[in-house]
Amino acid sequence: MASKAKYRGRGKAVSTSRSSKVAEKLQEKIREGNYYEAHQTFRALYQRYNAQGREKEAIELLCKGASLLLEHSQCESGTDMALLLVNHLKGQKTPVNQDLLDKLGHLFSLYESPPANVSSSSSAPNLILEDGAARETFMRAALKWTSMVGGEEWKYGHPQLHKLLALAYWKEKNFVKAREHFLYACQPEDHGAMLVEFATCKGYPSEAELFVSQAVLQLLVIRNRPIAKAVFSSYTQLHPAFRTELPPFRTAPLLNFIWFLLLASEKGDKEVFQCLRECYALAINRDPYFNEYLDKIGIAFFGLPAPPKGGQGSGGLLQQLLG
């Protein structure tokens, strides 16, 4: 028995030594600019590790390969390795842990961000725009892995990954995409601050109420009332039009409706809910989707039956946000 254990230990040491030598050779190929050969070798080695059931080594290899290639501006091959990593995690139904989230976050950080206010139709360098598209493809796949293995808790993907995307898009002034990911990032202070910047930079003064109202209603639709309340507080305390007041506001009927709705949702009184909808109907109708959100909120917090089906509804809208 002792000799067998000694043999297994020696075999493991030899395997580790070989892996280290292979990794050194691959790094040398990349330093020499032989990116294609390095990429193909990484893939072949991964297939071998995977077939042998060497789970930990396979993951480390994919992380190393993606990292090295992205560090050397090889976006296409680096993303291929990153996606191979995520597909491996999905195929093995690997549970989410902080180490893996950190690894994915590191790969995310290696992509070059497009300049602020740049879209695919602009004259920005194509490589930078490709990096942005590849980065999103990679992270969308990572989010799907976390939602697949995380159950109801991470139904829309892990908040830490949404946070990375939300903050990156905010920095790049891509407010629409930042808003999509803040919805699931559980970062209410930053969420509110981003909405204030979005509203003041891109909206009319008359639309100031709409930006936070949409966010709060969407958060209530996904039953995240604590974050909805915190986002409302953050926004109203930071926005120059509202920060000198406490609710109820003198000239902001839609914000008053949202404030009363948040209070009513704690008690679940459906008569109060229906009364609020009637009293503030004019303000609610400023956005064509608000009534659809409120139908969902009525079910979630006030025990109301589902309205007759028709149209896309907020469920479809939230699916669009997830991609």
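Start by selecting E136: at 15% relative accessibility, E136 counts as buried. Buried means under 20% relative accessible area, exposed means over 50%, and partly exposed is in between (1.4 Å probe, protein chains only).

Before moving on, a word on the model. It is predicted: local features need pLDDT of at least 70, side-chain atom pairs count only at pLDDT 80 or more, and totals for chains, interfaces and linings use all residues. Residues are numbered from 1 along each chain as its sequence is written, and side-chain values use heavy atoms, with hydrogens and water left out.

**Stop 1: E136 and its partner**

E136 and K177 form a salt bridge, with the closest N and O atoms 2.6 Å apart. A salt bridge here is a side-chain nitrogen of Lys or Arg within 4 Å of a carboxyl oxygen of Asp or Glu. Side chains of opposite charge can pair when their charged atoms come close.

Which helices hold the two partners? E136 sits in helix α6 (residues 126–150), and K177 in helix α8 (residues 175–182). The two are 41 residues apart, so look for distant parts of the chain being linked. Helices (H or I, at least four residues) and strands (E, at least two) are DSSP runs, numbered from the N terminus.

Is K177 buried or partly exposed? At 27% relative accessibility, K177 counts as partly exposed.

**Stop 2: two other salt bridges**

Select D295 and R277. Their salt bridge has its closest N and O atoms 3.0 Å apart. D295 lies in helix α15 and R277 in helix α13 (residues 270–279), so the pair ties together parts that are 18 residues apart in sequence. D295 is partly exposed, with a relative accessible area of 28%.

Next, select R286 and E209. Here the closest N and O atoms of the salt bridge are 3.4 Å apart. R286 is in the loop between α14 (281–284) and α15 (290–302), while E209 is in helix α10, so the pair ties together parts that are 77 residues apart in sequence. R286 is partly exposed, at 37% relative accessible area. E209 is buried, at 8%. By the rule above, the salt bridges number 14.

**Stop 3: helix α10**

Select residues 208–221. This is helix α10, and 14 of its 14 residues are buried, so the helix is largely enclosed by the rest of the structure.

Zoom in on I297. Not counting residues up to four places away in sequence, I297 touches L217, L220, V221, L261, F273 and F302. Contact means heavy atoms within 4.5 Å.

**Stop 4: just past α10**

Step to R223. This residue comes just after α10 and takes a positive phi of about 65°. Most residues other than glycine have a negative phi, and most peptide bonds are trans.

Move to N224, in the loop between α10 and α11 (225–238). At 19% relative accessibility, N224 counts as buried. Leaving aside neighbours within four places in sequence, N224 is in contact with C186 and L219.

C186 is in the loop between α8 and α9 (188–202). Its phi is positive, about 55°, although C186 is not a glycine. C186 is partly exposed, with a relative accessible area of 36%.

**Stop 5**

Select K93, in the loop between α4 (75–91) and α5 (98–109). Its phi is near 50°, a positive value in a residue other than glycine. Is K93 buried or exposed? At 62% relative accessibility, K93 counts as exposed.

Then pick P247 and P248. The peptide bond between them is cis, with omega near 5°. P248 is in the loop between α11 and α12 (253–267).

**Last stop: the whole protein**

Zoom out. How many helices and strands are there? The protein has 16 helices and 0 strands. Buried residues make up 46% of its 323 residues. Among contacts with a separation of 6 or more, 61% come from residues 24 or more positions apart.
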